[in-house]
Structure formats: C-alpha cells, structure tokens
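Me: I am new to this structure and would like to learn how to read its features one at a time. Could you walk me through them slowly?

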Amino acid sequence: MAVACCNSKGFLRLFPIVLLFNTALVLVWRNVQQAQQLTQTKLLWESNERALMPEDDCSKYDNIPKEISPRTLELQELLKCRDRSLRFERIQHGSYWVLQNLVIGRKSRDIGCAESITYTTIGDYTFFDNLKPLVERWLAPVSFAIHAPGYDLKATLDSILYVRNCLDDNGLIKDWVSFHVYFPNNHMPDKVPFNMAQVLRRPYTCTFGNGTDVPPPYTLIPRSESYKNTANLTYPINVGRNIARQAVNTHFILASDIELYPSLGFVDFFLDMVAQNHSVLALDPLLPRRVYPLPVFEIASGAEIPNDKADLLALYQKKLAQGFHEKLCGQCHKVPRQKEWLNKPFSEGDQLQLFSHTLREKQFRYWEPFYVSDNTEPLFDERVTWEGQSNKRIQNYAMCLMGYEYHVLHPAFLVHSPGIKKATEGSATRKKYATEMTKFINVKIKPEYHVLYGRNSACQT
Ligand SMILES: *[C@@H]1O[C@H](CO)[C@@H](O)[C@H](O)[C@H]1NC(C)=O
Ligand SMILES: *[C@@H]1O[C@H](CO)[C@@H](O)[C@H](O)[C@H]1NC(C)=O
Ligand SMILES: *[C@@H]1O[C@H](CO)[C@@H](O)[C@H](O)[C@H]1NC(C)=O
C-alpha cells in the first residue's frame, strides 16, 4: 500500500518539523506584537509626558523645521560632532545621585552641536539671582548643576519655578537654562520629582493677593539654615562642575562660575572666529592642545555691568574696574600681556581674535583661568571641595603636565557680578579645611597625577 499522503512513517518523521515550524511562527508573531505594543506604550508615555507640559514648553518648538545656518554646517563638518537632544536621566555619580536635565531649556533641548556654546556652571539655591543677568548676556545654552541635599531640594525646586515664571519676562531662562540637581546618597531628599512635568506642576505664586511681589524663594532660607549647613556638609563644587560639563549637547563649553557674566555677543563672535580661520583650533592631534581663556575683571558695587570693551575701559578710567581678585591673588587671574590687552585699540564690532598665549608655567603657574574648550580637558578632581580651596588649580596642574596652551581672546571678557572682593579673615573652619586639603593634594593627589600625566617641575598646583 503506497498512499503518499498517509504514509504514517513519513508523517511521523515530518511531524516534529511541522510542530517546530508552527511554534517558531507563533513565537515570531508574538514578538512582533510585543514590539508593536512596546512602541505604542512608549509613544503614549512620551506623548503623555509632553501633554503634561505647559503649552509653551514644547509644542511651540516641536514642529518648526530648524534652519541650519551655513556656519553651523561648516563647523559641524570641521568638528565632526554629533547632534543630540538633551533628555532627563537619573544618574549615579560616585556617592551622589544626579537628576540630570531635570528641567530642560526649550531651545537648548535640540541645539546643534556646532550651533552654539554651553555655559556650564554650578551653585546651590542661593546663587539663583545670577541667572537672569547671565542668561540675558549669554543668550545660549546654560547647564546649571545645583547641590541640593535633604530639604534644600525644596528651596531649589521653588527657586527654579520662580526664576522661570516670575523673573523671566522675555522667556530667556525657559529657553536656555537646563537644571540638574544632585545630592549625596546618604542625604537624600524625602521625595524627588519623577520628571520635568512634575516639577513644572508644582504650585507657585509671583504676587500676593494684595498685589505685592512674593519674595524670591532663594532669599527665604539663609545659607546658614540650609540642610547643607545644618548637616555640616562640605560643598562638592567639583562634582557639580563635572555634572554640568557632562550634561551638554554642544561641542564647545565655557566652564564658569555663575557670578561671572560675559561681554555681549560672545557665542557668535567665537563661532565666527573659528569658522573664518580654522587654524585657531589645534585640529592636528600632534599639536599641543588648546583652550581659550577670557580675561576676568571685577567692578565696584553699583557700577553698570560693561557690555563691551569700551564700557570696561570707561569703568577703568573712573577706577571702578580692576583685574579679578587683583588685591587678593593678582597672579591667579592675570592673563599674559594684560596691560597690552587693555591698551590694544579696538572698534565696535571687532572680530574676536587670539591675542596672546602661554603655558601655565613661570609667572602663570598659579593661574586659574576660565576658558572655552572642547570639553576634552581633564575633569575636575572631585576630592577637592569648595572649603578646601585650590579647587580649580588641580585641573590646571594636570593641564600643565599635559602641555596645554592657553590662547587668550580679545576683546571679549568676563566680569564678576558687581562688588569688589576684599580680603576677609575667612572662617577658621575653612582655614582648617584648606590646610588639610593642601596636605592631601601634596601627599595623595600630586603623586597620582605624576603617574598619570608625568612630571614637570615648571608646573605648580
Ligand atoms: C501683602 O500680603 C503679604 C502676605 O500676606 C504680606 O506679607 C505683605 O506684608 C502684604 N503687603 C502689603 C503692602 O500689605
Ligand atoms: C555640626 O557641627 C556642629 C559644631 O561643630 C555640632 O555642634 C553639630 O552637632 C554638628 N551637626 C551634625 C548634624 O553633625
Ligand atoms: C588664523 O589663526 C592663526 C592662529 O591664531 C593665526 O596665526 C593666523 O594669522 C590667522 N589667519 C588669519 C588670516 O587671520
């Protein structure tokens, strides 16, 4: 009997194969379904999150096709950088938790990597009064890392809402500032926001019922009553500096202290300079690496913040301006050929140029410059606290060992928020920290850096 179809022997042999084939089909089909479901949930979740945002925080910017300028195209080609959107992340950073990009600037979110420069900076809630003057002058992304242990997070979130909603008549803070908060894992706040929408949904008021303005939340709890001070915590300033640097989406950054305001138009001046003369960058990897410091000045309290070099010189003539910390530590902030820098003729709208350059040696061995960089210079050593001082010197020490060149810009500059710092006795605790830190730097940090970067007796911490 030879019935092909019912050949039971043949069927028995085929059966496992058919079964396997069917199982495989079912599995594939289920996978496809799951994947579809996942994308749907994800889309739903994202659209929910977006829907929860106040109207002006995303929709206005979502559907506008971005125009890319010829300069941006050229620089992107030159720098070979990749565009990336800022997004919220919870990050473990050593013994700290970081809510990175908890609140994102609406224009900063999708800025092109070669389109702008990010000002990266640090503080706690008591520094928020600097944001408005800073952003009005920088007009580009600001990446702001805020130390907020324990209940300081509440004052911080209230302050974020206040500057965005009560101070921001022209929307510049909402456009440009991205806020990150961080706290030690053994000083957690009781509760942290789940996402940006949850921060923005917090209640706030700008004026009382009787029409008077509500005082800024960052003035309500003095620093002496902050959680940080009550718990005797030190200020991990370099942790904040690194968090702010690591959270950006532009190729160039200016890592700065929030009280330092730039002269006007800086970002465009700098990018124009690079686009017009590529050799201001040391693109050949065999060349020594470069950063681009700006001279820093301080002005008398009550003086108008200078917009350009003409304004600065006018203040100089009235003896209302001087080099930053000139009386406290002249060597820490003087740029090479500072006198010539001041005397160099200029006219309005002058292009930015590289004025002078130096290594961080000899008379510049104590220099603590603020500079534009491509964010590849060493990170800040996180074992150094604000109380321990020397918190910027260690990084420049590493850069000295690496042979970094510092090319000073003209005619742009930074100016400290008005008020000339006088020598103060400094608290006994801070002195104690500083002495201990200096010892720690000498016996621990420096030997490590010698292993990592080599030795050079011309370099100083
Ligand atoms: C307005 O109301 C606030 C809060 O109730 C109060 O602190 C403030 O003194 C009032 N101002 C005036 C001018 O009445
Ligand atoms: C903080 O330091 C002060 C003075 O040294 C001390 O009295 C206080 O108990 C300390 N507080 C904490 C929470 O350790
Ligand atoms: C371009 O920059 C380099 C480095 O600063 C400088 O030496 C050169 O003179 C500049 N070229 C022009 C045309 O400005």
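This is a predicted model: local features need pLDDT of at least 70, side-chain atom pairs count only at pLDDT 80 or more; totals for chains, interfaces and linings use all residues.

Me: Which residues of H3 and H10 make the contact?

Reply: On the side of H3 they are Arg71, Glu74 and Leu75, while H10 brings Leu271, Val274 and Ala275. Sorted by class, the residues of this contact between H3 and H10 are four nonpolar, two charged and no polar.

Me: Let us turn to the sheets. In what order do the ten strands of the open sheet stand?

Reply: The order to follow is E1-E2-E5-E4-E3-E6-E12-E8-E13-E11, and the pairing in this open sheet of ten strands is mixed. Strand E1 (89-93) and strand E11 (353-358) are at the edges and have a single partner strand each, so one side of each is left without a neighbour in the sheet. From one strand to the next, the twist averages 25°.

Me: Which helix packs on this sheet, and which strands are touched?

Reply: Helix H5 (residues 152-165) packs there, touching strand E2 (96-103), strand E4 (142-147) and strand E5 (177-184), and the direction of H5 makes about 175° with that of E5.

Me: How many bridges join E6 to E12, and how many join E8 to E12?

Reply: Strand E6 (residues 252-255) is joined to strand E12 (residues 370-373) by two bridges, and these strands run antiparallel. Within that pair, Leu254 stands opposite Val372 of E12, and Ile253 stands opposite Ser373 of E12. Strand E8 (residues 290-294) is joined to E12 by three bridges, again with an antiparallel run.

Me: What is the order of the strands in the open sheet of four?

Reply: That sheet has the order E7-E14-E9-E10, with mixed pairing. Its edges are strand E7 (260-262) and strand E10 (321-323), each with a single partner strand, so one side of each is left without a neighbour in the sheet. Neighbouring strands are turned against each other by 35° on average, direction ignored. Three bridges join E7 to E14, which run antiparallel, and Tyr261 has Val415 of E14 as its bridge partner.

Me: What should I look for in the backbone itself?

Reply: Most peptide bonds are trans, and most residues other than glycine have a negative phi. In this model the peptide bond from His410 to Pro411 is cis, with omega near 5°, and Pro411 lies in the loop between strand E13 (405-410) and strand E14 (414-416). Asn232, a residue other than glycine, has a positive phi near 55°, and Asn232 is placed in the loop between helix H8 (227-230) and helix H9 (237-246).

Me: Finally, which residues are around ligand 3?

Reply: They are Asn277, Ser279, Val280 and Leu354. By class, this shell around ligand 3 holds two polar, two nonpolar and no charged residues.

Conventions. Residues are numbered from 1 along each chain as its sequence is written. Chains are lettered from A and ligands numbered from 1 in the order in which they are written. A residue is near a molecule or strand if its C-beta atom, placed from the backbone, lies within 6 Å of it. Ala, Val, Leu, Ile, Met, Phe, Trp, Tyr, Cys and Pro count as nonpolar, Asp, Glu, Lys and Arg as charged, and the others, Gly among them, as polar. Two residues are in contact if their C-beta atoms, placed from the backbone, lie within 7 Å. Two strands pair if DSSP finds at least two bridges between them. Axes are lines fitted to C-alpha atoms, for helices over the stretch in contact, and angles run from 0 to 180 degrees between N-to-C directions.
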